[in-house]
Amino acid sequence: MAPVLTRNIRPGGPPTGLREYEAAGGYVALRQALTRHTPAELVAMVSEADLKGRGGAGFPMGQKWAGLPPFEQSERPRIYIANLDEMEPGTFKDRFLVEGDPHQLLEGLAISAYACQAELGYIFVRDEYVEPARVLSRALAEAEQAGYVGRNILGTDFSFELHIHMSAGRYICGEAMAILNAMEGKRAIPRTKPPYEVQSGAWGKPTVVNNVETLCCVPHIVERGPAWFKALGKAKDAGTKIYGVSGRVKRPGSFELPMGSTLRELVEEHAGGMQEGYRFRAALPGGASTMFLDSSEMEVPLEFESLKEIGCYFGTGTVIVLDDHTCPVGLVHNLQRFYSRESCGWCTPCRDGLPWIEGILAGLEEGRGEPGDLDLLRELCHHIHGNTFCALALGAVVSIESGLVKLRAEYEAHLGQSGCPWKDRH
Amino acid sequence: MLTEQERQAIEEEIARSYDRQAACIGALSILQYGRGWISDEAIADLADLLGMTRDELDGVATFYSLVFRRPMGRHVLKVCDGAVCWMLGGQSLLEHLEQKLGVERGGTTADGRFTLLPICCLGDCDHAPVMMVDDQLVRNLTPEMLDRLIAGEEMPAR
């Protein structure tokens, strides 16, 4: 497969600068978009390309753009936000893309802003992403100077003012409605919807929020066309994906592959299989907020559609591999400590339900587990489903629910006084 | 009181922002960069400058986990306690630091040198376990590297 998103990225090397990016064909798509297409045509193009959001939810980009109110009737400025609040445990693909090829994101953002007729944009960066912010800052200055961002881009009527906004912590900021409150300088509590952000977002203006990787796909769709993009996928979904693999594999890392590549290909071929002495037990295919897949599911294409068919989420497509030396309950407990700490506190099922769950898992680990605990865990998860203000708690419960099924034996081994059978095994 | 330099930097931040309140996180970062932490007095001064109430601004400052409302050590160590770092030994590295520095996670050493914080996934899982030493990401951590850090050595660039 010829690299698409990674064509300018040198793993371990410096970011691609503007001259290099241009020499490799960069910003041609932006010129094409602004001079040959109307915003409506670009919306149609991206819809036809079936580009789905790579931030975790997999929402079709074209559908999101089509949800904007007609330009003549909408409040201005329309706002575009690139979400670089990457904090989903196990996820490192957006850092990889930005540190390797920052102009790809800027070009994708500029084209998308034009398609959505947004005049003001922000790259929302988590505070800890110091290096990505530095790289972006330099690239943005280069792009502004070259006329790719800012007033009258490439001599057209389209102007797009772009800023980098540094956040200050908290996972919830990356949630699509919470990010709006964060941008406004408020506590990042999610908002009720409707209205959706495309109707009334930051400061009440129509706002589009997209993940970094999703935006990076846009220049390629414009340059090569939707049919080309769709044909890149091996199964049902379109395009390529920056997959990630981490855990006790021989070669953890980021791998650009066709959408729909399998777990076996990723773990065994690209990541080199398990390290000596370790065996594969299960995997979370898309970061923490997805369901466990076990060794009977190695051939399932890792993509939104195929995973939905087996009741799983694709999430961010960065795989966390669970090995046989790691306690599965311990892993889920670690995840629940994360989720309960990151709860914004607004709604009861999340604020009070997640610590309750975390406490039960702690009890299982410490030898205080009782037979009724597993049913109680399932019941608590059931009560959280569909009853929370945002999807953070939903993300929390899916690893528990799937673990109770696929890792049942290990959960049951924790019942009774001795607690975690792995405690001396690390 | 805000210094003239702080006031100017904050006004520049406001000029780049949608409105005064939208600048508050950037403004808090500016103050924290120079002072290490945000005191009650800083909240009061900044709230006045931004046209927010003190409660509103403190509500924001205490929501965001990387705005520090207590004095911090000269160096802030953020050790990732995310799932992959946890699987690859991150817990024992955190414990190693607690033991060697004589401080519990969340605490600051008696000499004011280090504050030790757990932090959620730093987005570098293929190099786990990782941590940040102030603004620097340090990856593929070992206990020996932590000992060199404590001894005052520079951490390897990436």
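This report describes the domains, a sheet, a helix and the chain contact of a predicted model.

## Domains of chain A

The domain assignment divides chain A into domain 1 (18-232), domain 2 (240-323) and domain 3 (328-412). Between domain 2 of chain A and domain 3 of chain A, the C-alpha centres are 22 Å apart. Each of these two domains of chain A brings 11 residues to the contact between them.

On the side of domain 2 of chain A that touches domain 3 of chain A, strand β7 (residues 280-284) of chain A gives the most, with 3 residues. Sorted by class, that side of domain 2 of chain A holds 7 nonpolar, 2 polar and 2 charged residues.

## The sheet in chain A

Chain A contains an open sheet of 4 strands in the order β3-β2-β1-β4, and the pairing is parallel. Its edge strands, β3 (161-166) and β4 (207-211) of chain A, each pair on one side only. On average, and with direction ignored, neighbouring strands of this sheet are turned by 20° against each other. In general, strands of a sheet pair through backbone hydrogen bonds.

Strand β1 (residues 79-84) of chain A pairs with β4(A) in the parallel sense over 5 bridges. Opposite A:Ile81 stands A:Val209, which belongs to β4(A). Helix α6 (residues 102-115) of chain A packs on the sheet and touches β1, β2 (120-125), β3 and β4 of chain A. The direction of helix α6 of chain A makes about 150° with that of β1(A).

## A helix in chain B

Helix α4 (residues 54-63) of chain B has B:Leu57, B:Val60, B:Ala61 and B:Phe63 as buried residues. Viewed down the axis of α4(B), the buried residues fall within an arc of 170°, and therefore they line one face of the helix. Among the elements that cover the buried residues of α4(B) are α2 (24-35) and α3 (40-50) of chain B.

## Contact between chains A and B

The two chains meet through 40 residues of chain A and 34 residues of chain B. On the side of chain A that touches chain B, two or more residues each come from α7 (130-145), β3, β5 (240-246), β6 (253-258) and α13 (328-342) of chain A. Helix α13(A) supplies the largest share of that side, 5 residues.

By class, the side of chain A that touches chain B comprises 17 nonpolar, 13 polar and 10 charged residues.

Conventions: Residues numbered from 1 in each chain as written. Chains lettered and ligands numbered in written order. Predicted model: local features only at pLDDT ≥ 70, side-chain atom pairs only at ≥ 80, totals over all residues. Domains from an automatic or database assignment. Contact = placed C-beta atoms within 7 Å. Nonpolar A, V, L, I, M, F, W, Y, C, P; charged D, E, K, R; others polar. Buried ≥ 20, exposed ≤ 12 C-beta atoms within 10 Å, placed from the backbone. Arc of directions from axis to C-beta. Pairing = 2+ DSSP bridges. Axes fitted to C-alpha atoms, helices over the stretch in contact; angles between N-to-C directions.
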